[in-house]
Amino acid sequence: IFTVLVLINAQYVGWIAVRAIMRVLRTIAGAAVGVWLVGNYTSAPMIFLPVFFLVLAITSYKYGQFGARQAPYAYYLLGLTTLSVVTNGVAAPDQVWQVGLDRTEEILLGATVALLVSTILWPRSAREEFVAVSRESLEMIGELVSIQTEAYALGAESSANLEEIRQTFPARLSVLRNLLQAGSMESTFFAARLSNYNAFLVSLMSLFQGALLLTHWRRIDAAIVERLQAERTMEKKRSAVA
């Protein structure tokens, strides 16, 4: 059940598949390491304890290297499985093989259930959401340009909608980047066009920044107009005095 909950939390089909593969492979590796330690070195604590500590230290260090990669998660599972097998098998070294097999079977069953649920019952595709969020982002930029144009034409100040768009759009860009990574794991067709999608994100950001610049241009124009009006007034006064 814990495996299902952890994998389903990944939400998208691509992420779940990668995490399931990582979880199964590292569980098998961790079970093998645990069985090897308990089976061969339980009677030699001078070897058993340093090696066991070294395995946990390396996996903990690697797990601390957070990022978009799945390697830290894989090291975490290797260390966790080794710890589980060793702590449950050290009291009965002759049963350590059974402990390792039980642990591996549990993970395999949980990963299979999570994959079936995520791909058949409630599939959630990052590729489809990437297209939907991209369309919404373009519509948001169009709304931003409309607000700026209307404010410029009427000479009004920026509306509350403009500030809301300015604050929420960066979060949408972050969502698009995450969807791009998840989508590349779902389809080789999608992954082959990552350069195009990255260029699209850059263009989207440029459009957003260009739309925001309209506000600064409007302020600059207003300042120029006011300065010209002041200079014209001064010229009229000079002409009147002359």
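A: Gladly! Let's begin with a term we will need throughout: contact means heavy atoms within 4.5 Å. Keep in mind that this is a predicted model. With that term in hand, look at threonine 59: leaving aside its neighbours within four places in sequence, threonine 59 is in contact with Tyr75, Leu78 and Gly79.

Q: Where does threonine 59 lie, and is threonine 59 buried or exposed?

A: Threonine 59 lies in helix α3, which covers residues 45-63. A residue is called buried when its relative accessible area is under 20%. Threonine 59 has 6% relative accessibility, so it counts as buried.

Q: What does the side chain of threonine 59 reach?

A: Two backbone oxygens are the places to look. The side chain of threonine 59 reaches the backbone oxygen of valine 55 at 2.9 Å, and it reaches that of leucine 56 at 3.0 Å.

Q: Let's step back to the whole chain. What does its secondary structure come to?

A: The protein chain has nine helices and zero strands. Read from the N terminus, the elements run α-α-α-α-α-α-α-α-α.

Q: Which share of the contacts joins residues at least 24 apart?

A: Take the contacts between residues at least 6 apart in sequence: 73% of them join residues at least 24 apart.

Q: How should I read two helices that pack together?

A: Two packed helices are described by the angle between their axes and by the distance between those axes. Here, helix α2 (residues 13-41) and helix α5 (residues 96-121) pack at an angle of about 180 degrees, with their axes 9 Å apart. Because angles over 145 degrees count as roughly antiparallel, α2 is roughly antiparallel to α5.

Q: Which residues meet there, and what kinds of residue are they?

A: The residues of this contact divide into 16 nonpolar, six polar and two charged. On the α2 side they include Val13, Ile16, Ala20, Arg23 and Val38. Those from α5 include Val96, Trp97, Arg103, Leu108 and Thr119.

Q: Can we stay with α2 for a moment? Which residues does glycine 30 contact?

A: Glycine 30 has its place in helix α2. Setting aside neighbours within four places in sequence, glycine 30 is in contact with Leu78, Thr81 and Thr82. The C-alpha atoms of glycine 30 and threonine 81 are separated by 4.9 Å, though the two residues are 51 apart along the chain. Glycine 30 is buried, with a relative accessible area of 0%.

Q: Now for helix α6. Is serine 137 buried or exposed, and which residues does serine 137 touch?

A: Serine 137 is in helix α6, residues 126-154. At 1% relative accessibility, serine 137 counts as buried. Not counting residues up to four places away in sequence, serine 137 touches Phe169, Arg172, Leu176 and Leu204.

Q: And what about leucine 144: where does leucine 144 lie, and which residues is leucine 144 in contact with?

A: Leucine 144 also lies in helix α6, and at 0% relative accessibility leucine 144 counts as buried. Beyond neighbours within four places in sequence, its contacts are Leu162, Ile165, Phe208, Ala211 and Leu212. The C-alpha atoms of leucine 144 and arginine 166 are separated by 8.7 Å, with the two residues 22 apart along the chain.

How values were computed: Residues are numbered from 1 along each chain as its sequence is written. This is a predicted model: local features need pLDDT of at least 70, side-chain atom pairs count only at pLDDT 80 or more; totals for chains, interfaces and linings use all residues. Side-chain values use heavy atoms; hydrogens and water are left out. Helices (H or I, at least four residues) and strands (E, at least two) are DSSP runs, numbered from the N terminus. Buried means under 20% relative accessible area, exposed over 50%, partly exposed in between (1.4 Å probe, protein chains only). A polar contact is a pair of N or O atoms within 3.5 Å; within protein, one must be able to donate a hydrogen and the other to accept it, and residues adjacent in sequence count only if both atoms are side-chain atoms. Axes are lines fitted to C-alpha atoms, for helices over the stretch in contact, and angles run from 0 to 180 degrees between N-to-C directions. Angles under 35 degrees count as roughly parallel, over 145 as roughly antiparallel, 65 to 115 as roughly perpendicular and the rest as oblique. Ala, Val, Leu, Ile, Met, Phe, Trp, Tyr, Cys and Pro count as nonpolar, Asp, Glu, Lys and Arg as charged, and the others, Gly among them, as polar.
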